[in-house]
Number of protein chains: 2
Amino acid sequence: MYYETLCQMKKMLGQLDKWLEAATAYAQSKSFDPNVFVGLRLAPDQFAFARQVQSACDTAKLAAARLAGKDAPTHPDTEQTLEELRARVRTVVAYLEGFSAKDFNAAATRVITQPRWEGKVMSGADYFLEHAVPNFFFHITHAYAILRHNGVNIGKRDYLGPLTLRAP
Amino acid sequence: MYYETLCQMKKMLGQLDKWLEAATAYAQSKSFDPNVFVGLRLAPDQFAFARQVQSACDTAKLAAARLAGKDAPTHPDTEQTLEELRARVRTVVAYLEGFSAKDFNAAATRVITQPRWEGKVMSGADYFLEHAVPNFFFHITHAYAILRHNGVNIGKRDYLGPLTLRAP
């Protein structure tokens with residue numbers, strides 16, 4: 001289910017791109033600079049909007065790379081505008097497009113580590129469930145919430161995107 | 001991975017219980033009624049805090065029940081205090097404790113529907129990935145964000161809970 005869940009993350013990053021478009025349109029309709037959104041945050045000691053978007057992107061990118069045993073491309077977090085954030089999102093969506101189900105055949109048993117774990121490691125299975133998936137949704141939902149809190153006209157359908165509904 | 005993901009939801013509901021405890025302590029430290037939190041929201045047309053908690057609970061409960069082919073217990077959304085919300089969370093955690101991995105052997109191919117889909121259905125696999133998981137994280141993250149926005153002293157470690165880190 002690693003591949004399927006990463007495809008869902010890719011789908012949601014596509015939705016995030018649409019929220020960014022809606023934020024731009026909202027700013028234009030109210031005659032303010034759309035890039036004001038870049039620095040907005042819900043609490044003074046939480047990440048601002050840009051960092052929430054960057055973190056959602058990085059969480060998906062790094063999960064795919066680590067679980068497939070590949071080196072992820074680095075992105076230096078220099079985005080200052082909504083257009084630059086949209087480009088970042090699209091870059092990560094394109095990166096995720098490059099994976100297929102078989103890339104994750106050994107995902108569950110890979111050994112994952114990162115600097116802040118001070119030498120400790122997680123199995124790929126634990127890392128994905130306990131760290132990557134909750135962090136991805138944390139940051140993408142905070143990005144959504146910052147826009148909603150500031151008046152952008154998006155709703156739950158824009159969050160979920162189209163569902164695979166079919167006739168019974 | 002249905003069972004494992006539902007166990008992760010159960011873990012996060014346990015974390016939510018701790019955020020509710022932290023919200024109560026914060027209110028007491030500032031001498032205001034903790035139950036003020038129940039009605040707070042990030043936007044006037046978003047769910048208030050209580051409804052975010054109830055929705056996170058229901059999303060996990062209904063996902064487990066539907067994917068296991070069981071009838072879920074109903075909870076009437078009457079909570080008016082943080083203590084009642086904590087009891088609701090603990091009820092759902094206990095309900096999720098009653099499932100085991102084999103309950104989800106047929107989950108992927110179950111036919112799932114709900115009234116708002118107007119007669120359409122989803123496979124269990126699609127429902128879980130596209131609807132249940134994103135909705136669960138949407139509501140639990142909004143509950144977290146409402147508390148953070150209003151000063152409660154919780155952070156990313158309280159969101160994630162303890163990780164299964166081990167020696168390399």
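Over the face of which ring does A:K156 lie? The ring is that of B:F138, with A:K156 at 4.8 Å from the ring centre; a charge is taken to sit over a ring if NZ of Lys or CZ of Arg is within 6 Å of the ring centre and within 35 degrees of the ring normal. The model is predicted, with local features requiring pLDDT of at least 70 and side-chain atom pairs counting only at pLDDT 80 or more, whereas totals for chains, interfaces and linings use all residues. Residues are numbered from 1 along each chain as its sequence is written, chains are lettered from A in the order in which they are written, and side-chain values use heavy atoms, with hydrogens and water left out.

Within chain A, A:R51 lies over the face of A:F47, at 4.0 Å from the ring centre. Over all chains, the structure holds 27 aromatic pairs, defined as rings of Phe, Tyr and Trp (its six-membered ring) with centres within 6.5 Å, and classed as stacked for planes under 30 degrees apart, edge-to-face for over 60 and tilted for the rest. A:Y26 and A:F32 form an edge-to-face pair, 6.0 Å centre to centre with 75 degrees between the planes. A cluster of A:Y3, A:Y95, A:F99 and A:F104 is also linked by ring pairs.

Helix α3 of chain B (residues 82–97; a DSSP run of H or I, at least four residues) has 16 residues and reaches 23 Å from its first C-alpha to its last, close to the 22 Å expected at 1.5 Å a residue. Its buried residues (under 20% relative accessible area, 1.4 Å probe, protein chains only) include B:L85, B:V89 and B:L96. Their cover includes α1 (2–29) and α2 (49–68) of chain B.

Zero disulfides are counted over all chains, a disulfide being a pair of cysteine sulfur atoms within 2.5 Å. The sulfur of B:C57 is 16 Å from the closest cysteine sulfur, in B:C7, which is too far for a bond. B:C57 is buried at 0% relative accessible area.

Note on methods. Helices (H or I, at least four residues) and strands (E, at least two) are DSSP runs, numbered from the N terminus. The expected span of a helix is 1.5 Å times one less than its number of residues. Buried means under 20% relative accessible area, exposed over 50%, partly exposed in between (1.4 Å probe, protein chains only). Contact means heavy atoms within 4.5 Å.
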